[in-house]
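Reader: I am new to this structure and would like to learn how its features are read, one step at a time. Could you take me through it with care?

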Amino acid sequence: MPVSFYEVAWIFVIYAFLGWCTEVAYAALETGKFVNRGFLNGPVCPVYGCGVLVVIVILTPLKENFLVLFLGSIILTSVIEFITGFLLEKLFHNQWWDYSNEHFNICGYVCLKFSILWGIACTLIMDVIHPTIYKIIRLVPKLPGTILLVFFCIAFAVDLVITVSTILKFNEHLKMLDELGAKLKVVSNEIGENIYEGVTTVLEKSDDFKETMEIKSTEFSENHEELVENLSNLKNSISDKKESLTESISNVKSTLAERKEERSQLQARYKELLERHNKGERRLMKAFPAMKAKGHEESFSKLKKYFEDKRIEKKS
């Protein structure tokens, strides 16, 4: 049982690091490669540090009762994981992990399978691992231990600031992609509407032109004696209708050209925005493969696909 803030801080740091090692090992078994798992950039998973620390503080007096220790570990770690997932989503509008496909899950934040694994791990830590780690903490001289701890805390704080900044920029990035995507849809829809309206107008004027031709032809046939006057009127009418039809076609072409140019510019800006990312964004997406960007699902999916395509391109 820790008896000072110094010991509490060291327990948190050590188990946050060991938790990160566990996540990396688990990811390596699943994917066959190294993945820097965890919310922060450095080799720490704070949720593990908090989880184990709470279990140690609360359950040390009860550690002799195996069943109480096991069930208590399950309950405490599940509560911590649920609160962490819930708060991260509310603060950053992203769901970082999702157990929705697992049986007996609660809102996708916790599930029975991993809660049991947490219980087994914490029971093992309490009975086997922690006594040795606690002895090491107490054996290390206080002064160098404090200096080292201060260094770790500063690094942790800096890492936290950088990570939060990355997430905020990431969300802004997704928002901009959403806005550009919405504009692209509007312009594409306008192009479709312009094509429809243009074709409809041209057809109407074409029908009007044919109707005028038929009427004038009939008038010409019925009034053969007025050939000169009718012929002159017919020429003028045909000329007016042709001019109107040509003008309509020209307007449709001009409008379509403008809309297509606008769409090309938006597509170029969208592609540029997709390519404008930083390593922090990519790391977060790799670290949390089940991550969901609330409110930006479509843009997040496209950005994820872009990263995946680039990864495949590099391999080939």
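Reader: Is Lys315 buried or exposed?

Author: Please keep in mind throughout that this is a predicted model. The general idea is that a residue counts as exposed when its relative accessible area is over 50%. Lys315 has a relative accessible area of 69%, and therefore it is exposed. As for its place in the fold, Lys315 belongs to helix α8.

Reader: Which residues gather with Lys315 in a patch of positive charge on the surface?

Author: The general idea is that like charges are joined into a patch within 9 Å. In this structure, Lys33, Lys279, Lys286 and Lys314 come together with Lys315 in a positively charged surface patch. Two or more residues of the positive patch come from each of the elements α7 (279-287) and α8 (297-315).

Reader: How much of the protein chain is buried, and what is its secondary structure?

Author: A residue is called buried when its relative accessible area is under 20%. Of the 316 residues in the protein chain, 36% are buried. The chain has eight helices and four strands, and from the N terminus on these elements follow the order α-α-α-β-β-β-α-α-α-α-β-α.

Reader: Which residues in the largest nonpolar core touch the most other members?

Author: A nonpolar core is read as a set of buried residues joined through side-chain atoms. The largest one here has 34 residues, and those touching the most other members are Phe39, Trp96, Phe288 and Leu303. The elements giving two or more residues to this core are α3 (66-92), α5 (142-222), α6 (227-275), α7 and α8, and α5 gives the most, with eight residues.

Definitions and conventions
Residues numbered from 1 in each chain as written. Predicted model: local features only at pLDDT ≥ 70, side-chain atom pairs only at ≥ 80, totals over all residues. Heavy atoms only, no water. Patch = residues over 30% accessible without salt bridge, like charges linked within 9 Å, V, L, I, M, F, W, Y side chains within 5 Å. Areas by Shrake-Rupley, 256 points an atom, 1.4 Å probe, with all protein chains shown as cover. Salt bridge = Lys/Arg side-chain N within 4 Å of Asp/Glu carboxyl O. Lys, Arg positive; Asp, Glu negative; His and termini not counted. Charge placed at Lys NZ, Arg CZ, Asp CG, Glu CD. Buried < 20%, exposed > 50% of the residue type's maximum accessible area, 1.4 Å probe, protein only. Core = buried A, V, L, I, M, F, W, Y, C linked by side-chain atoms within 4.5 Å.
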